[in-house]
Amino acid sequence: MAMNNPHFKVVVFTPTKALFKHLGKSLTDQHLEFFYAPNISEVEQLINRVKPNLLIIHVDEESEKYLSTLQIMQTLSPVQDLWFLLLLGENLSFEKVRVELPPKRIFLQKDSNDFKEIVHNLLTIRNIEQNLSDEVNKNRFEEDINNVLRIVYQERDINRVFERLVNYLPKSIRMDYCCIFTLDKQMRHLEHFSQFIPPTHPKITGSVHSFEQIVEDWMREGVPFFRDQDEDPPAFDKLRKWGWPVTQVFFLPIHLRERNFGAILVGNSKKSPLNEQEIRLLNEVAQFISTRILDKTLAGAETQDLSSFSDQLITNHFDEGNIFQHTCKRLNEIANASSTIFWQYNKGFGFLFPKYYHFAEKDKTSGPPEKNMIFLTREHFLSQMIEKGEVRSIENVALESKLGPATIAIFQKLSYQHILVLPLKVHNEITGALIVNKSQENERFSILEIHKTEEVVRRTQNVLEDAQEVKEAQFKLKQLSRIFELGNEIKLDLSLHNKLSRIAMSVRKTLGWNDIAILLEDELGKRLRVSNLVGFKENFDLDLDFSRPIGVKKFYNFLKQCSELSSAYFYNSQVIAAANNGAEASPHTATEWQKNDLLILPLETRNKILGYMIVHDPVDRLKPTVEKISPLEFYANQAAVAVENSVLFDKLRASEERYRSLAETMSLGLVTCNQRGEIMYANPAFRKLIGVPESQVLSKKLADFFAEKSHAGLHRVLEKLAAAEKDETTRLENLEFELVSRPGEIIPVSLFGFPLYERRERAGFFLVLNDLRVIKNLERMKADFNSMIVHDLRSPMNVIQGFIELIRSRVVGEINPEQEELLDIAKENVKKVLALVDNFLVASKLEVGKFTIEPKQNNINQLIEQQVDSHRVLVKSKNLQIHMDLDRNLPPLCFDSLRIEQVLNNLFSNAIKFTPENGSIFIKSGWLERMGESEDKHFACISVQDTGAGIPNEQLERIFEKYEQVDANQGFNVRGTGLGLSICKEIVNLHNGEIWAESQPDIGSKFSFTLPVEPEYEKLEE
């Protein structure tokens, strides 16, 4: 096998030794051996003698040499596991050689003086061979395992199993001698024995007793080993006398439950160590034998007996005492022992003491054990055994040097002679140890007894774990029940001090802590004050005084000394004191609660710490564990919630007071309605507004107090508020409606509404109403005033304009050209003033809702052409180009020609104003179709586009607002009132059209508006 021979042998036949020498130098560390054949006739002889793995051979193109090489190849190709690397001459083709040679295990390459490719191919072949060899070995090992399994489980008799195994193993393992044996229950004499001796050697062996003496020491050591005769000459002399003339042995114990009860012994006459795979096979054999014997030992009534023991513990619902008592009795019976005692472990003080026991009938005169204690802090041997859960039998207890003197003295009082120590853990927590005793000198624990006692303890442990889980579940249920009861007791109307007092007393009674303190942060978060204190009468050596406030910074420094345990902080005074003194804490004190120990739990809610709960002096005197802290966390959370609720309750009550004061004193009307629109609250300002007392407002429909024409709009508002998403902030502002007061007066109001939520669910909505009567009166007075001012301005301006026309027409006399030019300028300025006055008048009418239109059938293209003609003078003065693209297929439209002329005039004027000289203006009309809810709608679209400075994007949306002017146009030195575009928007809206602007800075602007084609036109025809 490849793993037995790590060297890879290579035979080289080439015309010169150059390749042979290169391979020897470059591959010295690759476990390769090279052999050189000087001529073709010696190749076959060398291969038969060396048995290489690879043949490297030069194939010459010369006919005679080529045929000789082919003949050698044909002869050697049947040789198993031989690879060929053929170095072809320059004129030989791969195809020719490949056709004339067998296809397997042959590599072809051209011969050259560059040996790198040859080295690469050689190592590739070596790796392929190694992988194939490993695969063969793996398959062979699996076959051996299957055969051994069949032998072990097909035969009923153990002796027959051993006979077949010792005859099969030499076929798979390099050995000369082999034997398999087991000892009896007392571990003294051979019970089963079978051996293999080579056929060439006489089968002469000594007595069984002689063999027992040979392996006695090896069995006692109980470890596998390889050993040469130089290492133990007396043992090999005994083996030769026994009939095994060997120079090397391999000893492999057979374990049952980690105890030796037999072995496999392999011997070789010459030194030939077993390889890894052979040792692995022997280990598998030992494991199969152990399992087979264990299955046989536990078969039948004994297994049933142990099962019935578990069933008895479960079905009888034994408590913990009865379980241990029953277990002690059963162990005593199984082991034929004198006594069995359960030594319970006191975790707080770290000692074992006898708790439950059973004595055999013959030893009942001994009476119950005394109250002796074994301190595990001093008894390291037992302590390590119990900690590891290691089952061990100790013979002659009085002579056991590993036991401490105090422990031996206690065991002698109890007549302990040979004992079996069975540690017991429940959920990986040390509970104690069951110690079974045989008091007679000649009695020992057998392998079977040890195994059966282990099984009894394992089943007892399972029952105890189940019982403990039930007990813990009941205890936790009781704790949770108390927590729920406590939750019902803590009412909002209780003071915070009373709530925390009930929590502290519940911790004391339910969880068994004698001292409890609850500390809360003050409003500034700088100090902790004791809110409740239970116990803590004992003096502490800590720098914490609960009688006065404790600084938060000082307390946090104290927490830094604590170790974190779950969500709590544990101040381990023993560890801290030992660390301050440069020493280590005792392992025993790691479990016992000390006088200055403290457990601190934060009162945390919403990632904010409100204070701390400090507990001290547990009833069980044990340091805290994660399981012990868990129920404390419930109470800490309860306390945190109580504190938070108390704070929130106070804040809520103060907030309600502020809200009610605001609502009751505010001058605006406030109404709260439910989802059905019924009034749940109305403040005095609303009741005064409608002139109705409170008793006649509550539970009434809100719509009952609004004018009939406002009902539809109000309904839409309420629907929108009711449909708002849970996390959406829906607000409706500045919506105008009309209220109806008790005297019948119509009151205009502006409405502000938003949803109302209670407990994160939509409960209704708020409405804030502002009386607009004063504002409306002011707006009316303003409009009247504006109309008067406009009228007073327009009259003299018309007179001035008339006189200018008279003079220009030369009715009163001739004028020279200079005078005519000055009159033209005066006329244009008068015209501008009149346009401004007209805009102010329109704006005033719009504000008070008095602006109306008188639509009639008109031709929009004709109106556009008229406006272009009226602006020819201005266009010519700036040398602007006018481009018109008018759709002549547009039908007559229904619109107010005077007002649309005003829109066109404003757009043309702006385009001329803000287009630089030599620029262009594009005027276009056409069809526009838009999708409607029920049907498509058709419009005439009119646009005016210029090549001016453009409008910045951030100002584009505001240009249709009153008094807004574009900053980018200031370079033209043109100022206006900012009313023109806002008036255009209102006029277009009154025609049910739309106006908008598009612009690119430094390129130009485009203003467009639409007029409906069909609705008004059809109505006009009807």
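How are helix 1 and helix 5 oriented to each other? The two helices are oblique to each other. The model is predicted.

## Helix 1 against helix 5

Helix 1 covers residues 18-26. Its axis and that of helix 5 come within 11 Å. They cross at roughly 60 degrees. Roughly parallel would need an angle under 35 degrees, and roughly perpendicular one of 65 to 115. The pair is therefore classed as oblique. The crossing of helix 1 and helix 5 is right-handed.

Helix 1 brings Leu19, His22, Leu23 and Ser26 to the contact. Helix 5 meets them with Ile118, Val119 and Leu122. By class, this contact has 5 nonpolar and 2 polar residues. It has no charged residues.

## Helix 5 against helix 6

Helix 5 spans residues 116-154. Its axis and that of helix 6 come within 8 Å and cross at roughly 160 degrees. An angle over 145 counts as roughly antiparallel. Helix 5 and helix 6 are therefore roughly antiparallel to each other. Helix 5 passes helix 6 in a right-handed crossing.

On the helix 5 side, the contact residues are Glu143, Asp144, Asn147, Val148, Ile151, Val152 and Gln154. On the helix 6 side, they are Val161, Arg164, Leu165 and Tyr168. By class, the contact of helix 5 with helix 6 has 6 nonpolar, 2 polar and 3 charged residues.

Five strands form an open sheet, in the order 7-6-10-9-8. The pairing is antiparallel. Strand 7 (190-196) and strand 8 (225-228) are the edge strands, and each pairs on one side only. From one strand to the next, the twist averages 15 degrees.

Strand 9 covers residues 248-255, and strand 10 covers residues 260-268. They pair in the antiparallel sense over 8 bridges. Histidine 255 stands opposite asparagine 260 of strand 10.

## Helices on the sheet

Which strands does helix 6 touch? Helix 6 (residues 158-168) packs on the sheet against strand 6 (177-183) and strand 7. Its direction makes about 25 degrees with that of strand 7. Helix 6 also meets helix 5, with Val161 and Tyr168 among its contact residues.

Helix 8 (residues 233-242) packs on the sheet as well. It touches strand 7, strand 8, strand 9 and strand 10. The direction of helix 8 makes about 90 degrees with that of strand 9.

Notes
Residues numbered from 1 in each chain as written. Predicted model: local features only at pLDDT ≥ 70, side-chain atom pairs only at ≥ 80, totals over all residues. Heavy atoms only, no water. Pairing = 2+ DSSP bridges. Helix = DSSP H or I, 4+ residues; strand = E, 2+ residues; numbered from the N terminus. Axes fitted to C-alpha atoms, helices over the stretch in contact; angles between N-to-C directions. Contact = heavy atoms within 4.5 Å. Left-handed = near helix turned anticlockwise from the far one by under 90°. Nonpolar A, V, L, I, M, F, W, Y, C, P; charged D, E, K, R; others polar.
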